Amino acid sequence: MTALPRGETSGSPAADDAVVAPPSAAVPTPSAGDGNGDVSESGETSGDGEHSGDGSGSEEAEGPEDADGPEDGKSPEDADGSEDAAEAAPAALSEAEAELAAQRELRERIAKRKAEKEGPIAAGGKLSGRAADLLAAVRAVESGEQPDTSFFDSPAPAAAPRRTAPTPAPARPRAPEPARAPQGAPPEAVAATAAVLTGGGAPAALAGPAAEVLGAQAADVLRADPWQLLTVPGVRPEQADGFARALLGDECGPDDERRTAALVGWLLERAALRGHTALDASEVRAALAEHSVTDPDAAVQHAVAEGVVLVFQDGQEDQDGQESGPSAEPGEDTGPDAAGTEPVQVLLGLDRYALAEESLADGLARLVNACEKDADWTEAASAAGSPSAAELIRAVAAHGLVAHTGGEAARAEPAALITAARGLGLRALGAVHSADGRRRLAEATGDPETAVTLAGLLSGEQGPGRDEEGAIAIDLLVVLDAPQLDVETAANLVESLADGTRLVLSGDPGVLGSAGAGRVFADVLAARACPQIVSRTPDPGPIGELVSGIGIGELNQVEAPGKEVVIVPVRDAGEAVHRTVQLVADSVPRAIGVPSSDTQVITVGHGGSAGTRALNAALKQRLNPGPGRFGGFDPGDRVVHVPAPGRAVPAVVVSADAEGLRLDCAGTEVVVAQERVASCVRHGWALSAHQAAGMRWPAVVVVLPGDAAQGLSRSWVYTAFSRGERHLSVVHGVDQALQRAVAQPPAQDRTTRLRTLLETAAR
């Protein structure tokens, strides 16, 4: 089995490496050929060709295929702001004067504490990465501690209390800021860390990442606690154990409290890469036992006491607000009590995700309660183009938070809502996951100003900018592709919305979830925290019919007179690579009329003999051969740029110079610094389904080699098959495994707390 990199776990949003499971049978073919890979004018398949790649991909994944979450980060603490008292006069103060001075100082402290507690950003103050940067920026601007020119290109505002529903006012737009490369650790810190690492037998190449994670004192930290090496991306427990034995000698043992605490944190970080925001305590104890910890219960309790993780008991509450189940220690689970009530689940979680979920739940409740609920949008609803669009408009008029579900065709309904709201004089905007989604939304509304990417909106590079209080200057925000929202991004977004802003979460619940931790859209739907509008607009054509059936667990045979759907059977992974290259380079352009540049290949994982690496190597050799003189890339190469974890931006290589690799991202020039190319850019003729989520292409070739059977699920198949607009080819080598994957009901594969928090807030 191919080794999985940090952020890539089979079946997880951040990783798609193929797993081995030999299949054996066939699947109904909507429009099958004779199996040689060429789509002919009549829908038959014919033609031969040589496999242009070696097909091997069993190697360590690297670069942007990883979806490492941002490093844990905390917002900067508010500055004290208090001034030292004036120096005392030579004469001693009287007792009365001293008492008055003490009372005055006490009142100042109380006022300061109160102001801090009433601050608008405190609930999310420990978010990380981009979320932490934005929250810190808003906090500093609102408190007046820093001029907002440090974060936003506008004059510094005065400090303000908690936002209330604002009246529409012109916003000051922000000029786009150039992309900034991450700041590396100081050279002296890296050198000192490298000396410690090499002394313990660890690669010196880990010095830079270790210094970035652990800070300038990384060398001292590693000497005192060698297992802190586990915080470095890609390091595994056995490697950290070897490093610790080299440094500590006989002092090193499997039950060392430093080791067990680091293991608990590592297990939860790995779980977050699979989408979990928390784990059941029993799972953590079992995993610790697998790593030779003799007393997992004590290890968990120690990790909680040290603040490595937080413990939660999110049990059902009775009408008096008391837990129905008994309390439990972090290291044990409670069984049914004498009354036969269900046990309380004990969860362990990292503080960054716990704070994000709690901040998000509070923010959504705030939007629900602060909205004007008697707005009259009757005329706008009557003019809507479909009953579903009219229902959505009426729901948004009466509620601050609305969920909307539907397929690709249903995106016309949020577009109609945005148009109607703007017609009423409201500042309405749609935020999507990708640049391609932005283009499609702009086409649907007829106004490019109505569509932004979510990343562009939060960074200020797109959209209306921030108002005087630091909130996004908007009255209605519609978030499409809502299943792609991770909990930290969602918390940051909701915290950026002023009281009175209406929020619509719209998306297809059948697609794969977010690359980051959490299942925000699914939890909002499951908690029934707001009105839910289910679109009645079906996706058209044979592809729409096929995908609709998959959504309910049926892999149906559909009529495809225009060769909209073609199945190409293959016997092994090598043949799968060969047929895929033939389809992209020749068959689809000739028979369907879609050029190779508009055809996207989607496969189950990055590794394996028919994963993205093998397919990209073969497709480059056929479509744009070259020596790869720019760090493995040539002008004209299709690539995917990963500017941040969970974001995959298709691009084309233009050139390279001293500044870095120059890319064309849908008409926008992006320069990737030389030192970032290896980690942020990879070839993009073939993508994983997780990377392709939120985007569509005129033609899609889905590759299902035999060793990918265990990586299939209904959500994966639904996502991959629905990426094609005009044509879908399926290179099929998994036999009945495809039908079994579709028939298997989707399971809640992520442990989160948001649903419980939302249900509790609604009581």
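Which residue lies over the face of phenylalanine 312, and at what distance from the ring centre? I looked, and arginine 753 sits there, 3.7 Å from the ring centre. My test for a charge over a ring was NZ of Lys or CZ of Arg within 6 Å of the ring centre and within 35 degrees of the ring normal.

**Ground rules.** This is a predicted model, so I noted that local features need pLDDT of at least 70 and side-chain atom pairs count only at pLDDT 80 or more, while totals for chains, interfaces and linings use all residues. Residues are numbered from 1 along each chain as its sequence is written, and side-chain values use heavy atoms, with hydrogens and water left out.

**Rings.** I searched the whole structure for aromatic pairs and got 0. The criterion was centres of Phe, Tyr or Trp rings (for Trp, the six-membered ring) within 6.5 Å, with planes under 30 degrees apart counted as stacked, over 60 as edge-to-face and the rest as tilted.

**Whole chain.** I count 25 helices and 19 strands in the protein chain; these are DSSP runs, H or I of at least four residues for helices and E of at least two for strands, numbered from the N terminus. Of the 763 residues, 52% are buried (under 20% relative accessible area; exposed is over 50%, partly exposed in between, with a 1.4 Å probe and protein chains only). I also checked contacts (heavy atoms within 4.5 Å): among those between residues at least 6 apart in sequence, 72% join residues at least 24 apart.

**Six-strand sheet.** Next I traced an open sheet with parallel pairing, in the order S6-S5-S7-S8-S4-S9. Strands S6 (451–453) and S9 (532–534) are at its edges with a single partner strand each, so one side of each has no neighbour in the sheet. From one strand to the next the twist averages 20°. S4 (residues 401–405) and S8 (residues 502–507) run parallel and are joined by 5 bridges; two strands pair if DSSP finds at least two bridges between them. Alanine 403 stands opposite leucine 505 in S8. Helix H14 (residues 435–445) lies across S5 (428–432) and S6, at about 170° to S6. Axes here are lines fitted to C-alpha atoms, for helices over the stretch in contact, with angles from 0 to 180 degrees between N-to-C directions.

**Helix H16.** Which residues of H16 are buried? I get Val487, Glu488, Ala490, Ala491, Asn492, Leu493, Val494 and Glu495, which is 8 of the 9 residues in 487–495. At the helix start, a side-chain oxygen of aspartate 486 comes to within 3.1 Å of the backbone nitrogen of glutamate 488.

**Five-strand sheet.** The other open sheet I looked up has parallel pairing too, and its order is S10-S19-S18-S11-S17. S10 (565–569) and S17 (686–688) are the edge strands, each with a single partner, so one side of each lacks a neighbour in the sheet. Here the twist averages 25° from one strand to the next.

I went through the pairings:
- S11 (residues 599–603) pairs with S17 over 3 bridges, and isoleucine 602 has leucine 687 as its partner.
- S11 and S18 pair over 5 bridges, with threonine 599 partnered by alanine 699.
- S18 and S19 are joined by 7 bridges, and valine 700 has leucine 728 as its partner.

S18 is mostly covered, with 7 of its 8 residues buried. Helix H23 (residues 714–721) lies across S11, S18 and S19, at about 145° to S18. Helix H19 (residues 573–592) lies across S10, S11, S18 and S19, at about 150° to S19.

Conventions: Polar contact = N/O pair within 3.5 Å; in protein donor to acceptor, adjacent residues only side chain to side chain.
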